[in-house]
Amino acid sequence: MAEDHRAGLATRAAGAVAAAVQRPGALTVGGMSVEMPLWRAIGYFRVLALAYAILRYLNSFHDFLHPVSGWIYLGALTLWTLASSRAFAGPQRCTWYVLGTDLAFAVTGIVMSGIIDNPERIHGGAPTLPTIWAAGTVLGFAGKGGWKPAAFAATVVGLANILGHGGITPDNIHNIVLLMVAGCAIGYVIELARASEAVLTRALQVEAATRERERLSRDIHDGVLQVLALVQRREGDLGDLGRLAGEQERALRTLMTGGPLPAQAAGDPLPAERDLRQLIAPHTGERVTLSAPGTPVLLPAHAAGELAAAVGAALDNVRRHAGEDARAWILVEDEPDAVTVSVRDDGAGFAAGRLGEAEQAGRLGVSQSIRGRLRDLGGTAELYSVPGEGTEVEMRVPRKGQ
C-alpha cells in the first residue's frame, strides 16, 4: 500500500477532464489540442494575407481615386492584425468580440474599395483592399463556432462584395462560393474533431475511474477483508485482532483523506528500485519455500511492491483454500526482459470454471489482487490447476514498457 495516498488523484483528474469537455477547444490528446495546428495556420495566413494586400496596393495605388484613404485603411488593418495575433492563437483567446471586430475590418475595407477605387477598375474585377485577408476572418469564425458561424461570416463578406464592390459579377460569385465552401468545410471538420475528442475524453475518464475502483478493491481485499476473515474464523487472540483492526482503520482513513503515509510523513524518500527477494522473503516459513537467484532481483519500487503483494495474495489463497497444512513453493526467475514469479502448492486444486464463479460471488483475490495488479504493471498472471494436483500461479512482469 505504498501509494494509497494517491487514491483520489484519478477521480480528481477525471473530473478535470470532464470539465474540459464543456469548453470548446480545451480538449487535448497527448497534452495538445488537435485544433491548435489549425489556429496557428490561421494566424500565419492573416499575416501573409496582410503582406499580400499591402503589396497589391503598393503596385496599384496610383490608379485609385483616393489613394491616401487606402493607405490609412491598410495602416489600421496592419495594427489590428498585429494586435489580434495573440487572440488568434486559440479558441479561448479569440472571443466573439475579437471576431466581430475582425469582420468589421473586412467589411469596411471591401466597402471602402468601392468608394475610393476607380469605377473602371472595379467593373474590371480589381480586388478589394483587404483581398484574401477577409478569408482569415471566415476561418476564425469556423474555428470558434463551427460551420454555422463560418457560413454567417462568409455571407456577410459576400453581401459586402455585392453591395459595396462591383455588384453581382462572375468573379464576385466565384469568390463568394469558394469562401463559403472553405469556411463551412473547415468548420465542419473542427466540429467533428471536438466531438471525437469528447468521446475519447469520456472513455479515458471511465477507464481512469474503473482502474481506480479496481485498485481500491485490491487494497480493501488485502487489508480489511483479510482482517474480517480472521475475525470470522476466530483465529488469533483478541490482542492480535485489535492490532490488525487498528492498522486497517488507519489505512482506510489514509485512503479516504489522501493523507501521506507514515514513511512519507517522516520524510523518508521512496527508492527508485527494490530487490524483489527482500519483499517476498517475509512470506516464507515452515511450509513456504522460496527459491530465488543469488543476486538482487531489481525492479522499479512500485512494480516490486505490487508483485510482492500479488505473491502475498496467492499465498493467502493457499492458506484459505488448500488448508493450513498445505505446502507452497515460490520460484523467482530473473530474465533479461522480464521477472517471473511462480507460486505452487500441493493442495486439492480446483475445477475449471471455479474462478468465474468466485468472481461473480464478489471474491476478488484472483481477479483483482493478482491479475489486476499484474495487468496494471503491463504483465500477466496465469493460473494452472487440476483437481487433486494442486495449483500454480505464474506472474510475469516485463522490465521495459511498464
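**Close-up views of helix packing and of the mixed sheet**

**View A. Packing of helix α6 on α7.** Helix α6 (residues 133-145) packs with α7 at an angle of about 160 degrees, and the two axes lie 6 Å apart. Because angles over 145 degrees count as roughly antiparallel, α6 is roughly antiparallel to α7. The model shown here, as in the other views, is a predicted one. In passing α7, α6 makes a right-handed crossing. On the α6 side the contact is formed by A134, V138, F141, A142 and G145, and on the α7 side by W147, P149, A150, F152, A153, A154 and V157. Sorted by class, the contact of α6 with α7 comprises 11 nonpolar residues, 1 polar residue and no charged residues.

**View B. Packing of helix α4 on α7.** The crossing of α4 past α7 is right-handed. From α4, the residues W96, L103, V107, I110, V111 and G114 take part; they meet P149, F152, A153, V156, V157, A160, N161 and G164 of α7. The contact of α4 with α7 has 11 nonpolar and 3 polar residues, and no charged ones.

View C. An open sheet of 5 strands runs in the order β2-β4-β5-β7-β6, with mixed pairing. Its edge strands, β2 (288-291) and β6 (380-385), each pair on one side only. Averaged over the sheet and with direction ignored, neighbouring strands are turned by 15 degrees against each other. Helix α12 (residues 301-322) packs on this sheet and touches β2, β4 (328-334), β5 (338-345) and β7. The direction of α12 makes about 10 degrees with that of β5.

View D. Strands of a sheet pair through backbone hydrogen bonds, in either the parallel or the antiparallel sense. For β6 and strand β7 (residues 391-398) the sense is antiparallel, and the pairing extends over 6 bridges. S385 has T391 in β7 as its bridge partner, and L383 stands opposite V393 in β7. The two strands form a hairpin with 5 residues between them. Within the turn, G388 has a positive phi of about 85 degrees.

View E. Y384 is found in strand β6. With a relative accessible area of 44%, Y384 is partly exposed, because that class lies between the limits of 20% for buried and 50% for exposed. When residues up to four places away in sequence are not counted, Y384 touches G390, T391, E392 and E394. Y384 and F350 are 34 residues apart in sequence, and their C-alpha atoms are 9.3 Å apart in space.

**View F. The chain as context for the close-ups.** The chain contains 14 helices and 7 strands. Of its 402 residues, 40% count as buried. Among contacts between residues at least 6 apart in sequence, 71% join residues at least 24 apart.

Methods. Residues are numbered from 1 along each chain as its sequence is written. This is a predicted model: local features need pLDDT of at least 70, side-chain atom pairs count only at pLDDT 80 or more; totals for chains, interfaces and linings use all residues. Side-chain values use heavy atoms; hydrogens and water are left out. A crossing is left-handed if the near helix is turned anticlockwise from the far one by less than a right angle, and right-handed if clockwise. Helices (H or I, at least four residues) and strands (E, at least two) are DSSP runs, numbered from the N terminus. Contact means heavy atoms within 4.5 Å. Ala, Val, Leu, Ile, Met, Phe, Trp, Tyr, Cys and Pro count as nonpolar, Asp, Glu, Lys and Arg as charged, and the others, Gly among them, as polar. Two strands pair if DSSP finds at least two bridges between them. Axes are lines fitted to C-alpha atoms, for helices over the stretch in contact, and angles run from 0 to 180 degrees between N-to-C directions. Buried means under 20% relative accessible area, exposed over 50%, partly exposed in between (1.4 Å probe, protein chains only). Angles under 35 degrees count as roughly parallel, over 145 as roughly antiparallel, 65 to 115 as roughly perpendicular and the rest as oblique.
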